Amino acid sequence: MTPDPFTKEAETWQVENHSYLMTALASVREQLLRHADQNLSSDRESTSTPVRRDRRKAKPGADPPALQKICTIFGLSEFECALLLLCAGMELESSFAPLCAAAQGDPQRTYPTFSLALAALPHAHWSALTPAAPLRHWRLIEMGAGSCLTTSPLRIDERILHYLIGVSQLDDRLMSFVTPVEANDDLVLSHWELSERLVTAWSTRRAGVSLPILQLCGYETSSKLAIANVACHFLGLHLYGLPAYSLPTAASDLTQFRLLWERETLLRPIALLLDCDEQDSLDASREAAIVNLSESLQGHLILTTTARKRARLRPMLTFDIHRPTTGEQRHIWTAALGQSAHLLNGQVDRLVTQFSLSAPVIQAVCTQATVEWENQSQDLSQTQGEGESPQLPALLWDLCRSQARPRLEDLAERIDVTATWNDLVLPDNQTQILKEITAQVQQRAKVYEQWGFAGKSGRGLGISGLFAGTSGTGKTMAAEVMAGKLRLDLYRIDLSQVVSKYIGETEKNLARVFDAAEMGGAILLFDEADALFGKRSEVKDSHDRHANIEVSYLLQRMEAFRGLSILTTNLKSALDTAFMRRLRFVVQFPFPDADQRAEIWRRVFPKATPTKNLDYKRLGQLNVAGGNIRNIALNAAFIAADAEEAVMMKHVLLAAKAEYMKLERPLTEAEMRGWG
């Protein structure tokens with residue numbers, strides 16, 4: 001590795017390196033002059049002078065000249081070294097071009113060739129020309145187009161030329177694929193320990209055993225990068241990242257990338273981080289390229305993945321990377337908030353329990369929230385005076401929810417929550433259970449962490465509920481109300497995307513759902529859950545066995561899931577009894593009676609909607625659920641708006657008839673009694 005260019009030692013090295021290179025070039029130039037001389041003896045071995053190398057020894061501990069390192073690293077013979085210098089001279093000294101022409105007896109051939117090298121340079125050997133020899137294998141020189149091997153133009157590789165001069169930077173052809181990894185090195189204790197394990201894994205290499213691939217698994221991308229970066233720093237390695245989707249797939253391009261990278265590892269201490277975190281978006285050709293590169297690439301290689309990979313030809317060590325522990329996150333929050341921490345009144349525990357965030361995200365959230373809070377405080381100070389501002393905890397909570405929001409677009413739908421407790425019409429018992437569920441989510445930090453329940457067992461900490469009832473009775477609305485109260489995101493799981501006919505894919509999709517929701521603090525809503533959480537069947541064939549495995553996996557994940565999961569079903573009896581045991585709450589949503597329907601009608605129209613002479617008691621006679629009432633109210637509003645009138649009973653009647661036709665039910669006389 002070339003010394004730091006900003007030190008006195010580096011300046012001295014640059015001077016000595018230049019002198020050494022010029023001396024070596026002068027020796028090659030002398031050989032060309034001798035060969036160009038028409039009086040040159042036919043016995044070249046007896047009259048030629050070998051390429052002179054500067055025999056001065058470097059000071060103990062000093063970095064040797066670049067030419068010496070090139071020859072040592074790639075095992076170049078004296079002839080190969082001279083040939084490399086011949087090509088370098090073409091770039092560095094103008095006298096080499098006419099000398100090449102004179103030595104070859106052709107004014108048009110102002111470039112080096114193998115033929116010239118074999119004739120003019122001492123200790124020539126044909127094996128230096130072969131593709132397996134260092135000059136061609138490591139692409140130290142490049143061959144131009146020509147009619148035959150020995151007369152084709154030769155040129156030194158640009159990266160090697162820069163290295164000889166003393167400029168050490170990554171090959172431009174590699175820079176189009178990789179970028180330096182810049183990650184936060186302020187690691188928490190658990191991550192420091194992991195980085196030390198990575199250092200040990202690469203430091204304790206046994207003779208005859210290949211350098212192992214280090215695989216970092218998990219969804220915590222920033223922590224994986226930081227851990228890898230710190231480990232490489234301790235090993236003196238420069239870490240470069242390569243996204244898997246940027247990896248070349250054509251065999252020739254992949255081979256060139258591998259060769260150039262391996263050459264670079266010989267020139268300077270570097271490590272490659274192959275980022276496979278976006279594995280779900282990779283096609284088969286890209287997956288094959290990942291396997292090809294990881295199995296064949298020589299040097300320090302780190303894989304970052306969400307799901308474990310296996311290596312056949314190289315040893316691989318796998319490390320699971322988790323977010324900082326609860327205690328570590330609490331410490332990060334306190335340190336990042338600084339003097340503002342006391343304004344949270346103990347809310348840090350709620351943030352830590354609800355949102356599992358990495359150190360960089362916590363620090364960014366604290367910075368943004370503090371700036372916004374200070375700006376709001378300045379605006380309010382003139383009317384409310386100085387003192388604690390209630391906005392800081394709310395700002396932090398909302399920013400955490402935004403930052404932790406899981407990426408589940410292909411498997412789930414995020415519901416924009418607007419419903420409140422006032423929109424929900426249920427019997428008192430059901431409403432009380434919903435409030436108890438909400439309270440348990442709010443008090444998780446105290447019960448699990450402060451009171452020690454999380455330390456007893458990691459299982460059974462999830463809060464789960466079953467909402468059972470016919471369609472339209474308010475099950476989904478109840479989930480929205482709870483999400484709004486808790487100020488958490490609500491995701492409706494798309495079962496058509498989760499359940500797969502391919503073995504193992506359903507479990508994989510469910511793992512993504514639960515893992516992402518747990519890290520993001522989201523509420524999961526499995527709508528029409530009987531389709532997924534149905535009773536396990538007697539095993540009659542492989543399909544039954546696979547279906548039962550899926551159900552068993554769901555049972556385990558629900559029991560271990562620390563968030564709030566809600567199942568809705570129209571058929572409570574269709575659910576597996578094992579699920580019922582693991583559900584903490586079961587809420588039966590009854591079909592609303594006449595009084596409840598009248599109350600729903602009273603609340604269904606927004607305040608801004610003009611209404612006239614609506615008789616909610618008579619509207620309650622319509623024997624439909626809350627979901628149907630909302631449809632009727634909405635359609636009635638459109639009918640009234642089109643007639644440029646306020647919503648009246650006649651508009652509701654028209655909308656009700658349309659809804660009943662959709663339900664394939666007639667409007668009965670009892671339902672219409674008293675409407676006029």
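## The largest cavity

In this predicted model, the largest cavity is lined by Asn184, Asp186, Leu187, Val188, His191, Ser222, Ser223, Ala226, Pro324, Ala359 and Pro360. Two helices, H11 (221-234) and H16 (359-384), are the elements that give two or more residues to this lining, and H11 gives the most, with 3 residues.

The space inside the largest cavity comes to about 80 Å³. Sorted by class, its lining holds 6 nonpolar, 4 polar and 1 charged residues. The count of cavities of 30 Å³ or more comes to 4.

## The second largest cavity

About 60 Å³ of space lies in the second largest cavity, and the residues that line it are Arg350, Thr353, Gln354, Trp397, Val441, Gln442, Arg444, Ala445, Leu486 and Leu488. At least two residues of this lining are supplied by each of helix H15 (348-354), helix H18 (428-442) and helix H19 (444-450), while the largest share, 3 residues, comes from H15. By class, the lining of the second largest cavity divides into 5 nonpolar, 3 polar and 2 charged residues.

## The second largest pocket

The second largest pocket has a volume of about 960 Å³. It is lined by 36 residues, of which Met477, Val604, Gly626, Gly627 and Arg630 are the closest to its centre. Helix H21 (475-486), H26 and H28 each supply at least two residues of the lining of this pocket, and the largest share, 8 residues, comes from H28. In terms of class, the lining of the second largest pocket has 14 nonpolar, 14 polar and 8 charged residues.

Which residues of H28 are buried? They are Gly626, Asn628, Ile629, Ile632, Ala633, Ala636 and Ala640. Seen down the axis of H28, these buried residues fall within an arc of 145°, and therefore they line one face of the helix. What covers the buried residues of H28 includes helix H26 (594-604) and helix H29 (649-663). On the face of H28 turned away from the buried side, by contrast, sit the exposed residues Phe638, Ala641 and Asp642.

H28 is followed by glutamate 644, whose phi is positive, near 55°.

Technical notes
Residues numbered from 1 in each chain as written. Predicted model: local features only at pLDDT ≥ 70, side-chain atom pairs only at ≥ 80, totals over all residues. Heavy atoms only, no water. Buried < 20%, exposed > 50% of the residue type's maximum accessible area, 1.4 Å probe, protein only. Helix = DSSP H or I, 4+ residues; strand = E, 2+ residues; numbered from the N terminus. Arc of directions from axis to C-beta. Contact = heavy atoms within 4.5 Å. 1 Å grid on protein atoms, 1.4 Å probe; cavity = no way out; pocket = protein on both sides within 12 Å on 5 of 7 lines; lining within 4 Å. Points joined across faces, edges and corners; volume = space filled by probe spheres on them. Nonpolar A, V, L, I, M, F, W, Y, C, P; charged D, E, K, R; others polar.
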